[in-house]
Each structure stands twice: as structure tokens, then as C-alpha cells.
Amino acid sequence: MVPAVHIGVETSPHGVAYLACWLAAACAAIAVSVVTLVRRRPLGGPGSAADFALACLLLVLGPLVLAPGERLGTWAAFQPAYALSIIITAGGVRGRTHWVGGLLGVIVCYAVYLRGEVGADLIPTTVGNVLTYVVYALVARMFFGYTRRIAHDADASRARAAELARREEKRRAQVMMHNGVALMRLLTEPGTDQSRTRLIDQAEAELRRMRSYLRGRAPDGDVPAGGAGSDAPVVLAAMIERVCDRFADLNVDALLDLGADLKLPAAQAEALERALESLLLNVRVHARAEAVVVHLDRGTDGSWTLTVRDDGIGFDPASVAAGVGLREVVVGELRLRGLDVEIESAVGEGTTVTISSGPGPAAVGPDRDAATGAA
């Protein structure tokens, strides 16, 4: 439009009217562009209808402001190109009625624009221009629709990710708070000074974990089972023995000789330590057991199995839903770390929890340590 304005004004039979039409189209194009960029979305139905109306008006007025013979294939005749730009931008209008009505209106006005100007030799060009309007309208419509679907899918993915993050944070909070809450409950109940001292020691350890979690550190980043700030493999039997010592009032019988040489990665050992504490807390609070057996066994393929068995009152897994301790701290966390968990229980027959690893990588033996050090 810009290179053609001076030519159009000079050749037009009504130069002032041509310039007024040109300015109307230029101002509308700039205004629509600015509004679209500011709103970050295409025009709505009313705005698009006004845009189509202006394009149709300029086409109808075209024969009055253009010199004879300049309506087709000249720089001065900006009206058809302006109408094409309106058709393309209108592809973003959600209302199909506005879009179809505007396109048909432009085609009809384009026929009026060419009336008396088209000879037999220009009919193919005229038909081609009309098809150009239709094809560009369809392409623009499909492009905007495809873009909207991508945006919708992206919004849905972000919402799904946010929901999954919320659920994971809730699960982490349950894992971190469960054992501490159970210990606080036990501290409110009467007991001997010796048992309360033991509970206070455990509560202080849980308090450190909760503080670490609330300060934004990973649950495994507080006090690893292998020592403060250590990522070294943890001796499994020693860790289990430390946990069992905290529950001396339960008459725990720890049989760990068969897995004395087993080692676990620090993060896995930390999750296993929390799970074992949760199991023994459940025995202390719910099971009313007289004895607990903790048995560690090592397979020939490097796998291991830890069994926690109590002779308490048990429960019916089919009718009793697992609590947060079993569901999240034991089953959820350990399976997240690549360990298998099976829970067997029956009313009056106690409960058995079996934690097992896969072969090889889950357990680090002395030979593997030596090979790693040599490497």
C-alpha cells in the first residue's frame, strides 16, 4: 500500500477520496495489529465484523476511486490485497458464523468491484483470485485451530504437572511427618522414665528430619544413614541393629548374620530406615505383640530379603485400609527406591512384612566395593 499511494492519488479521478480510502485501510491495519499484540489474541467477533465491513466497503468504493483499467493487477488497486489480509487475520475468530459470513461478503463485494472490468481473457485470473481468498481463509483457519489445540494441550499439561507436584508434595509431607506424629502421640501417654527417654531421643531425630523438610531440603538430605553429609554405601545390618535398639521395649529379636556384609546406597538405606521405624512404631502402637523378629537374609545372586514378623493381633488386609505409615512410608517410599514390599496379616495371627531387593545392583557387597575402589 505504501509504494502505491502516490501513484493512486495521481491517477485516481477522485484523488482525495482515494487517499481517504487508503488512510482508512492503513489506520485499520495498524490499529488491529496493535490491539492484537497488546491483547495477545486475535480480534473477537465484533472487531472482526467491523474489519470485514471496512474491507467490503473499500471493495465497493474501489471502482469510484480507481482509474479505468487499474482494478486488476496494479499497485494502485490495494483493495483486493487489503481484503485478503482481513481474511487471513479473521481466521482467529472463534465464531464460525462471523468467519463464513465475512468471507462470503468479501467474495460478493469483490465481484461488484470487478463488474464491467473483466474481459474474457481475465476470467481465469479473477477465478484464481477468488480461490486465493478461499484457500487462504481455510489455511489461516486451520493454523489458528492447530495453534489453539497446542495451547490447550500445553495448559492441560501444566495443570496436570501442577496437580502431580501437589500430590507428590502431599505424599512427601505424609512420609516426613508420620513417624514424628506417632512419637508425639506416644509421648502423651504414661510410661516409665526409661521408655520416655528413648522416645524423646527418637522424637529429636524426627524433629531434625521435619526441620530439614520444612527448610526445603530433600527428605534424604538431613542425616543420611551412613553419617552426616555422607553418600557412601551403608552397612545394612548395622543400620537395622541401630533401629532395633531404639525399640528395646518391644522384645525385638534381630537375626542379621546372614546379611552382615550387605551394603546399600545411602538414599535407599535412609528410606529403609524410616520404613523399619514406621513398622516398629505400628507394632508398638497397634499390634500389642509380645515378640518381634527381624530377619535379614542374603541370596546367592546378591539379592537380599528383610522380614519383620510380629505375633500381635494382626488385621484383615481385605477389610482394613492401610494407613499412611504402611501405604506411604513403607510401601510407597520403598517401591519408589526400587524395593519390593509384601504385607501378610490375619486377625489373631500377627503381621509379616517382607522387603526384598532385586539381584545385584540393590545390594553392594565387599567384592563390588573393592572393584569400585580399584576403578
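**Strands, salt bridges and a pocket**

Biologist: Which residue in β4 does A254 stand opposite?

Modeller: A254 stands opposite V294 in β4. Please keep in mind that this is a predicted model.

Biologist: How do strand β2 and strand β4 pair, parallel or antiparallel?

Modeller: Strand β2, residues 252-255, and strand β4, residues 292-298, pair in the parallel sense. There are 4 bridges in that pairing.

Biologist: And β4 with β5, parallel or antiparallel?

Modeller: These two strands run antiparallel, and 7 bridges join β4 to strand β5, which covers residues 304-310. One of the residues involved is V293, whose bridge partner in β5 is R309.

Biologist: How many residues lie between β4 and β5 in the hairpin?

Modeller: The hairpin has 5 residues between its strands. In the turn, G302 has a positive phi of about 95°.

Biologist: Where do the side chains of a regular strand point?

Modeller: In a regular strand they alternate between the two faces of the sheet.

Biologist: Let us change topic. How many salt bridges are there?

Modeller: The count comes to 4 salt bridges. As background, side chains of opposite charge can pair when their charged atoms come close.

Biologist: Which residue forms a salt bridge with E270?

Modeller: The partner of E270 is R274, and their closest N and O atoms are 3.5 Å apart. Both residues lie in helix α9, residues 266-287, where they are 4 residues apart, about one turn of the helix.

Biologist: Are E270 and R274 buried or exposed?

Modeller: E270 is buried, and R274 is buried as well.

Biologist: What about D155: which residue does it pair with?

Modeller: D155 forms a salt bridge with R158, and the closest N and O atoms are 2.2 Å apart. The two residues are separated by about one helical turn, because they are 3 residues apart in helix α6.

Biologist: Is D155 buried, partly exposed or exposed?

Modeller: D155 is partly exposed, as its relative accessible area is 42%. R158 has a relative accessible area of 53%, so R158 counts as exposed.

Biologist: One last topic. What is the volume of the second largest pocket?

Modeller: Its volume is about 270 Å³.

Biologist: Which residues lie nearest the centre of that pocket?

Modeller: The second largest pocket is lined by 16 residues, and T74, A77, F78, P80 and A81 lie nearest its centre. The elements that give two or more residues to this lining are α4, residues 79-89, and α6.

Note on methods. Residues are numbered from 1 along each chain as its sequence is written. This is a predicted model: local features need pLDDT of at least 70, side-chain atom pairs count only at pLDDT 80 or more; totals for chains, interfaces and linings use all residues. Side-chain values use heavy atoms; hydrogens and water are left out. A salt bridge is a side-chain nitrogen of Lys or Arg within 4 Å of a carboxyl oxygen of Asp or Glu. Buried means under 20% relative accessible area, exposed over 50%, partly exposed in between (1.4 Å probe, protein chains only). Two strands pair if DSSP finds at least two bridges between them. On a 1 Å grid over the protein atoms alone, a cavity is a set of points where a 1.4 Å probe fits but cannot get out, and a pocket is an open set with protein on both sides within 12 Å along at least five of seven lines; lining residues have an atom within 4 Å of a point. Grid points are joined across faces, edges and corners, and a volume is the space filled by probe spheres set on the points.
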